Amino acid sequence: MPGQKLRAVLDTSVLVAAVLQPDGPAGRVVRGFRRGLFTHVTSGAILDEMVDVLTREKIQRLTKLTRQDIANLRVAMQQRAETASGEYQDVDLVDSDPKDNPVVATALEMQAQYVVTLDAADLLRLKVFLVSAHRPVQIESPMGFLRLLRR
């Protein structure tokens, strides 16, 4: 794909990890997005889940983020990323954890080549989604995706 940026969905685990460890692999992936190294595609469902996780008491103690900080982060992510309209809501491809289906739906709707996740139990083990009439969607860890960005 010469001349075209990679398109990737960052799932909630990556977004939260980037907040908790900005210098870790997930934080470096988010910085890559901010630098324009790839196109981040997202959805309201992913961003809502990020807000839900970041507002949990346990996480708030670690981050010291206020609810307003978290709301501002959500708005900034939605403004900078390409956001799915939600027309693929009926996707049911992750049997082991149906809460991951919005991530896959976003990737398919927005024609992303990658899903970046820390979810080893449900998403990373799948490696790739093959759905007719769609390009393959590879599942990568933040470290794996960083390697792809360096190519």
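These are legends for a few close-up views of a predicted model.

**View 1. Helix α7 and the elements it packs against.** Helix α7 covers residues 142-150. Quite a few of its side chains are tucked away: Pro 142, Gly 144, Phe 145, Leu 146, Leu 148 and Leu 149 are buried. So who are the neighbours, that is, which elements do the buried residues of α7 pack against? On the helix side, there are α1 (12-20) and α2 (25-34). On the strand side, the partners are β1 (6-10), β2 (38-42), β4 (114-116) and β6 (137-140).

View 2. Search the whole structure and you get three aromatic pairs. One of them is Phe 33 with Phe 38, a tilted pair with 6.1 Å centre to centre and 50 degrees between the planes. Both Phe 33 and Phe 38 are buried. Phe 38 also pairs with Phe 145, this time edge-to-face, at 5.0 Å centre to centre and 90 degrees between the planes. What does this second pair link? It ties together distant parts of the chain, with Phe 38 in strand β2 and Phe 145 in helix α7, 107 residues apart.

View 3. Thr 12 sits in helix α1. Is Thr 12 buried or exposed? With a relative accessible area of 7%, Thr 12 counts as buried because the cut-off for that label is under 20%. Leaving aside residues up to four places away in sequence, Thr 12 touches Ile 46, Glu 49, Met 50 and Val 53.

**View 4. Two loop residues with positive phi.** A bit of backbone background first: most residues other than glycine have a negative phi. Lys 64 is not a glycine, yet its phi is positive, near 65 degrees. Where does Lys 64 lie? Look in the loop between α4 (57-63) and α5 (67-80). Lys 64 is exposed, as its relative accessible area is 66%. Gln 111 is another non-glycine residue with a positive phi, about 55 degrees. For Gln 111, the place to look is the loop between α6 (101-109) and β4.

Key. Residues are numbered from 1 along each chain as its sequence is written. This is a predicted model: local features need pLDDT of at least 70, side-chain atom pairs count only at pLDDT 80 or more; totals for chains, interfaces and linings use all residues. Side-chain values use heavy atoms; hydrogens and water are left out. Buried means under 20% relative accessible area, exposed over 50%, partly exposed in between (1.4 Å probe, protein chains only). Helices (H or I, at least four residues) and strands (E, at least two) are DSSP runs, numbered from the N terminus. Contact means heavy atoms within 4.5 Å. Rings of Phe, Tyr and Trp (its six-membered ring) pair if their centres lie within 6.5 Å; planes under 30 degrees apart count as stacked, over 60 as edge-to-face and the rest as tilted.
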